[in-house]
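Trainee: I have a new model open. Can you show me how to read its surface, its helices and their packing?

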Amino acid sequence: MRITEHLSQLWEKTNPTARHLNTYFFCALLRLVLVFVPQLGYVHPDEFFQSVEVMTGDHFRLEHTRTWEFNNTMPVRSITLPWALLRVPWSFYEFAALYARSWWQVELINSYAYLVFPRLIYTLISYSNDWCLYRICRLYGLRHEIRLLALGSSWVLLVFCTRTFSNTLELAMCAWLLCLVAECMLRTNTVVYKKEYLEEKYDKAASISERVKIWKLKNALPAHNLQHMFAMSSICVAGVFNRPTFLLFGAPMVFFWLLRGMGTRSVSFRDFNLRIGLFCLCALPALVLFIFCDSLYYQHLTVGELHMLHLGIENFVFTPWNFIKYNLDSAQTATHGVHPCYVHLLVNMPLLFNVLGLAALVSFAQLLLRFFCAEYQLLPRFQSIVSLMSGAIFVPLFFLSLINHQEPRFLIPLTFPLLLLHAPKLVTGFSATYPFQTQHPLLRWLYERVLSTKASAPHLLRVWYVCNVLLTLFFGFIHQAGIFPLAQRMAHVVATKPSATHVHLLTSHTYNLPLHLVNVPSSRVLHFNPRTHQRFRHQRDFFLYEYGGLPLDTLMHKVKLISGNCELKRNGANRLRYKMYLALPASLSGELHEALQRSNASSYLHFELLSVFYPHLSTEAFPQLQGRHPCDVDAPHWTHDDLRGTCAVEQPPTLSLSYLTRQFSSIVHQFGLALYEIDVRRKQPRQGTHMLDLDTKPATPLPESAA
C-alpha cells in the first residue's frame, strides 16, 4: 500500500507534460507486450488470409488456404511486400530455431510462433508512426506530448497495428509520406522566403560589394525543388502495390508536394511540370521491381523465358490494375457486403476515433461553412500544415464513401493526420475561443455548455481512455478469441493421433480458421528428409469443413454425410480410423441439441463436449438472455442428456436470487467456443468375429441411409 501511495503521489506531483509523456511510454511498451501475451481476439479474416496464411504456409510447407486473391490467373494481391516482411525474416527465424533445437532441445517453430512472430514485425513497423509524428511536431513547433499520448493510447495502434493487416502497412506509409511532404513544405517556404528577401535587398543595394555579398548568400541557400523525390516516389509505388486504395490517401499528399512555393516569384509552372516528370521517372525502379517479383511468383514469368528472352505483355502481372478492375464491378464488391455511403462518415469514424473523430467532422463542417459564407480570411493558408492534414483526411474519406463496401479498417490510414490535427482537443476542449462570427444566445449557450475548454476539457480525455480501453479489450481479447486456442488444440490432436487416422474438424458460426496455425505438413508439395536425403509426400490426414452461418439443421445433415463417408472408409480395405470434431459458439449448444433431436441422428451420433475456450464472442451467434449451460457449471440443477453439459429442464422465471444467479452463469458461459467430439455408436461385435474397434459401446446400429 505504501509503495502504491508513493507512486500515486509522484504521479500527481509531475506536471501535465511529463505525465502525458509517461503515459505515452507506458502505452508504447504495452503495444509490444500485447504482441507476446498474445491478443487472442480475431478482428477480421484478412488479418491472416491476405499475407500470413500464404507466406507461412509456403515457407514451412504447411497446409494452408490460398484465397481467390492469390489466384495465378488474375492475382489482385502483390506478393513482394509480404515476401520481404515475412518470408525473409522467417528464414532467419528458422535458422535460429534449428540451433535452439540442437543445443537446448527447445522447439521454437509452433503455433504460437506462427501467430506472434509476424505480429512482432508489423508492430515494430508501427513505431515509425510515432517517430514521424514526433518529427513533424518538432519541425513545426507543435506540442508532441499530447499527440503522442493520443496515438499511443488509441485502440487502432494497440489492436490493428499489432496485427498483420495490409492496412497497418498503409498507415505506416502514409505517415512516412506525410512526414516527408511536411518537411519539404517547411523547407521550401523557408528557402523561398529567404530568397525573395535577398532578391529585394539585392535590388536595393547601393554598392557592388554589397550586391556580391547578397549574391553569395543567395547562392548558399539549400536546394529544395526536388527534395526527397526518390524516397517519396518509391513509397507511393510500394503503397499502391500493398493496397491500391493508397492512391486515394497519397494523392493529396503528393499534390501538396507538387504545389510547394507556387504563387511566388521563385516557383513557376515550369517547376511544377518538372516535378511531375521527374517524380514519375523516379518511380520506375520500384515499379519494375514489384512487377518483376509478382510476375515470377505467379509464374507468368519463368527463368527459361528470361534466358531465351521470349517475353511479351502477357508475361507480366500488374496486381493493382487487377484489384481496381475487380472493385469497379459493384456486383462483385456486393458479395463482400453492401453498405450505405454514410457508413464511413457516421459509423466508422466515431468507432475508430470516438471523440476526436466527432471533433474532426465538426471542424471540417465549420471550414466548409466559412468557405460558403465567403469568410476566406478565417480559413487556413493553403500551403500550411493544417491544410495538408485536412486534405489527407477528407479527400480519401470522400472517395472511399463512394464505394459500396465500407469497413472500419479501410480508414486506418486517417489515424495519423487526424490525431496530429485534433489530439490537443483532449486537453483544451473542442474550442478554446468562441468559434462563431455572430453573437446569438443559443450559440453562446452551446459554446459555454459544450464547446468551451471549461465545459469539455475535463471529460474528453476520460472518454478517450474509456472508449479505447473497452474497444481494445473487446477486439483484442473477446471477439472470436476462441479460434487460436482451437487451432492449438487441433495441432495437439494431429501431433498425438495414431497413424492411419484422419482428423475431421467442422466449424460453424465462426470466422475462418487459419490452417497454418494447426501446423499440419502440406500434402501438395514434396518434403525433404535431411537424414535420408530423400523427398517424400505427406498423406493428407486433416480435413477442415467451414460452414459459416449455415442453419444447424443443415449442419446436422452435413455431419451425417461426413460421418457416413468416414464409416465407409473405416470398414473398407484400408481400415482408416478417424476422429471428428465440431466447433461452434457455446451460445448455440441448446439449438444444437434440438437440431440433433430433429435430425433423428441422436440414436447413433454421440456428441461429447471436450472443452469450451473462453472468452469467445461471435457476432453470428450472440449469447441468449435465457440460454442453456454449455457445460457442467451447476450440477445439482442441470442434468446430462445426449449433448453432455446442456440444460435439460429450464427453471421457472421467478425473480429469486438463485434463478438470477443461474441465468447470469448461463450468459457468462455462453461467451465461449465449444468443441465437441462426434462418435458413432456401432453394433456389438458377434462372438467369434474379429473387429478392429474393441472399445465401442453397444448402441443402436448405424442406419444404411447415413452410410
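Mentor: Start with the surface. Accessible areas come from the Shrake-Rupley method with a 1.4 Å probe. This is a predicted model. Its chain exposes about 35,200 Å², and carbon and sulfur atoms supply 64% of that area.

Trainee: How many helices and strands are in the chain?

Mentor: The chain has 26 helices and 7 strands. Of its 707 residues, 50% are buried. Take contacts between residues at least 6 apart in sequence: 78% of them join residues at least 24 apart.

Trainee: Is α18 mostly covered or mostly open?

Mentor: Buried means under 20% relative accessible area. By that cut-off, α18 is mostly covered, with 12 of its 16 residues buried. Among them are I385, L388, M389, I393, F394 and L400.

Trainee: Which helices do the buried residues of α18 pack against?

Mentor: They pack against α6 (111-140), α9 (166-204), α12 (246-258), α17 (343-372) and α19 (415-422).

Trainee: α6 also packs with helix α23, residues 483-496. At what angle?

Mentor: Angles run from 0 to 180 degrees between N-to-C directions. Here α6 and α23 pack at about 145 degrees, with their axes 9 Å apart.

Trainee: Which residues meet there?

Mentor: From α6, S111, Y112 and L115; from α23, F484, Q488 and A491. This contact has 4 nonpolar residues, 2 polar and no charged.

Key. Residues numbered from 1 in each chain as written. Predicted model: local features only at pLDDT ≥ 70, side-chain atom pairs only at ≥ 80, totals over all residues. Heavy atoms only, no water. Buried < 20%, exposed > 50% of the residue type's maximum accessible area, 1.4 Å probe, protein only. Helix = DSSP H or I, 4+ residues; strand = E, 2+ residues; numbered from the N terminus. Contact = heavy atoms within 4.5 Å. Nonpolar A, V, L, I, M, F, W, Y, C, P; charged D, E, K, R; others polar.
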